[in-house]
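Here is a short briefing to read with the model open beside you. Take it a topic at a time and follow along on screen.

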Amino acid sequence: MWRQSFGLLGKSYTHDTTGSFLLGKWLYTSLYSVPLCSAVVDVAIQDYVADVASELTYQNKSPISTEVLFAFPLGPQMSIYSFQACSEDAKVQAMLQDEAQQLHEATGSWEDLEYLQDQSRYPGEVFACFLGTLSPGRELVVSLRYVQELPREPDGAARFVLPRTLHPYTELHAWNCLSSQLPYSLLLTASLQSPRGVVDVQANCSLTPLIYTAQDRSTAQVSLAGSPPGQCDLELLVYFGDPSAVSAVVEKGNPEAPPGSLLGDPMVLVTLAPSIPEAVPGQRQSGEFIFLLDTTFLEHAQDSLLFLLKSLPLGCYFNIYCYEAASVGIYPQSVEYTQDNVTEAMQLIPSTGSTPGDTNLLGTLRAVHGTPRPPGHARQLFIFMTGLPSDKEAIAAEVCRHRNSHRCFSFSFSEDSAALATALARETGGEATYVSSNNSMTAAVLQCLKRALKPAAEVVSLSWTLPRGLEVEVLGGTPQFIFQGQHRLLYAQIHGQAQDMTGAKGVMTLQCSLDGQDVTHRIEFQLCSQGDGRLAGHRLAARSLLQRLLPEAASGSGDEPRHRAVEISLASGIICPFTSYVGIRTSQRVPWYQGPLALLTPWQSHISCQIVELRGSCKDSSCYPVTVWVPPGWLTAVQESWRALRQLTCGITALPNRGACSKAYKPLPASVSSLKYVDPTAYVLCSPIFAPWSTEALAECQKLVVLQREDGSWALSSGLASVLEVSEAEIKRKMPGEVMEPSIWATVLAVTWLHRPDKCYQDYCELLEAKAVTWLCSQAGSQLDKCLEAANNLLGSSTQPSIFRL
């Protein structure tokens, strides 16, 4: 069975009459895993950039020869740039080639690739290489190198997780069910560097003491001490000085690359993580929120739109687009959030959908990007999709082209649109959500809105001061906004030649605006190149530059973008849609390919590979949408094993803690790359707060929400009395005498009603309530205590004063 750790998979020559057997709740077939004997891993982490070099030794402990396939799942923001496998008989090296030139002819047929596409259990990007035959007792050494942008924890730490291929602990029980001893050795060394200084390293296993290799503590080393964790991923948290800061460090170029090239010139690695304070819920807040609605589901989204619009903060701007054949916004451009504008917007939204296939999301996005953004307001798009548009590549290119000027929160209501939704969110630093039912839609949307309401710093300018003869080019552009809790990595290349570089320094100046206040960050950095020559920053810069070039190449704007993308891909080793891997086999003694699966003649040295989309059937929330490189012809020989596996796994119960939850939804990982299939059922949120509401509960809460005004208050009216199930006369009679404004009393009653002990509206009304409490705190003053006491008596509740910030 394909497992999350992957590594080497083997198929024996002998015929397995049983087909498979069950051990430790894992299913094994004749397509089994070749055991890992040892792993040596060298990690270089510089701020939020990692370069990983690994050497994996496998041994065929089967008494028969085995065909082997190496499979390596690619994690978030990860790119392989070097792969090699060596045995006593041969060496296989993965090389990139221009698909248009076809430097190496493909051998074998491409048939049966769709079978693997449907039968693969795990979704996710996977690098795979077919390595041929491994004789009994023989070893195979795999050398793998990759680069990765690391996620930033809320406390500013860089989080590194060792891939399971390098630490396949999930197979532990298959080797020794009664012991925690691993059947392989793992040696891990980490080199750490940051101009802010390395402060600490934490891990879920024992580490050697941190050894500083520079007096200013800007570089350090640490190693694994003892055994790695036997039942979970190995994780490192690296802490740097002043996590909320802006930094810049220069990485030297490759001396063998020509000057002026991407790899030849020095690269400045810039980390933008300015300090942005938390926003107080319910207060005035800037921001531009644009909602793009697929009209085919409007009849199901009215409730969600109501809660969404009512939850927006005062001080923001908004607009709504219903994308059809002629897509226009209900306003020519975004308008200020006022009671009149919200009321008018709800009336202008059509209640019926267009005919299927009549959507024009691309035209709507272009219309949005053609409108001016209100100064000082970060633009965020909420995109709702029920189906997959035919022009999905052009849509992704349009969003990617404007990735620095906005971010997307995308919602898919069908399996085929989930991948596009994920791609749009990933490209812009937003989030994608698959919504499984109408009842869960409102909760999903409001949770995303809550995250979208985090404050942002507007990037006013980014300037450079360098010695004469040098200039800087920021690859991929500069973002217009940086949101609280996020960080942005920029790659800026230094071109030219200065007369004297001895002790030379550069200065980067970042000007930001936060809540109308200008903040300037002035960073001085040494121009003498640093680094160990592994070029992690250069390769990730290539990845970033390829992302910018691909939309231009896909849009058909001449051959130059494509030629440039191919040039960058081949030079850096980072694959792109216009290049592909080919395995170059070099025989050292005798032909490696033997037996019935040998599709190549002994002297053929090129192994063809291809990218296919594996849909996957795993319900594990750690699964990813898939792209995989698979050698041609391999599937024909193992097809029967997969068919037997499919029959045997039809009724198998999920493992403990894997796919056991079946709540409404879970945000899709930001790591998903390109427009690939997503199995939406793989994403679940194991939390009781997202349990679907009943229609009755949603309807009774909706009646109260409709009556709330844009500032968060309620008016004392017969409508409110109907919702509270108390007569209007009784409400007026119970109003405390100290209250001079009936809206204060009405708002206290509404908030108290939301906290009834037999109901829980928190997930739907958290933002609405925050606005109401903020309004009360500014209007009620000392009256609030008396109002709360009277409201509890009238409604028979026990709402605590803390709800009203008392």
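Predicted model: local features only at pLDDT ≥ 70, side-chain atom pairs only at ≥ 80, totals over all residues.

The protein chain has 806 residues, and 56% of them are buried.

**The chain overall**

- The protein chain holds 17 helices and 36 strands.
- Taking contacts between residues at least 6 apart in sequence, 75% join residues at least 24 apart.
- About 32,900 Å² of the protein chain is accessible surface, and carbon and sulfur atoms account for 50% of that area.

**A four-stranded sheet**

- An open sheet is built from 4 strands in the order β28-β26-β30-β31, with antiparallel pairing.
- β28 (481-483) and β31 (517-526) are the edge strands; each has a single partner strand, so one side of each lacks a neighbour in the sheet.
- From one strand to the next, the twist averages 30 degrees.
- Strand β26 (residues 456-465) is joined to β28 by 3 bridges, and β26 pairs with strand β30 (residues 505-514) over 7 bridges.

**Salt bridges**

- The whole structure contains 21 salt bridges.
- R196 pairs with D47, and their closest N and O atoms are 3.1 Å apart.
- R196 sits in the loop between β13 (185-193) and β14 (198-203), while D47 sits in the loop between β5 (36-46) and β6 (49-59), so this pair ties together parts that are 149 residues apart in sequence.
- Both partners are buried: R196 has a relative accessible area of 16%, and D47 has 3%.
- E730 and R733 form a salt bridge with closest N and O atoms 2.9 Å apart; both residues lie in helix α14 (residues 728-734), 3 residues apart, or about one turn of the helix.
- E730 is partly exposed at 22% relative accessibility, whereas R733 is exposed at 56%.
- E393 and K392 form a salt bridge too, with 3.4 Å between the closest N and O atoms.
- E393 is partly exposed, with a relative accessible area of 42%, and K392 is partly exposed at 23%.
- Salt bridges also link D42, D51 and R534 in a network.

How values were computed
Residues numbered from 1 in each chain as written. Heavy atoms only, no water. Pairing = 2+ DSSP bridges. Helix = DSSP H or I, 4+ residues; strand = E, 2+ residues; numbered from the N terminus. Axes fitted to C-alpha atoms, helices over the stretch in contact; angles between N-to-C directions. Buried < 20%, exposed > 50% of the residue type's maximum accessible area, 1.4 Å probe, protein only. Contact = heavy atoms within 4.5 Å. Areas by Shrake-Rupley, 256 points an atom, 1.4 Å probe, with all protein chains shown as cover. Salt bridge = Lys/Arg side-chain N within 4 Å of Asp/Glu carboxyl O.
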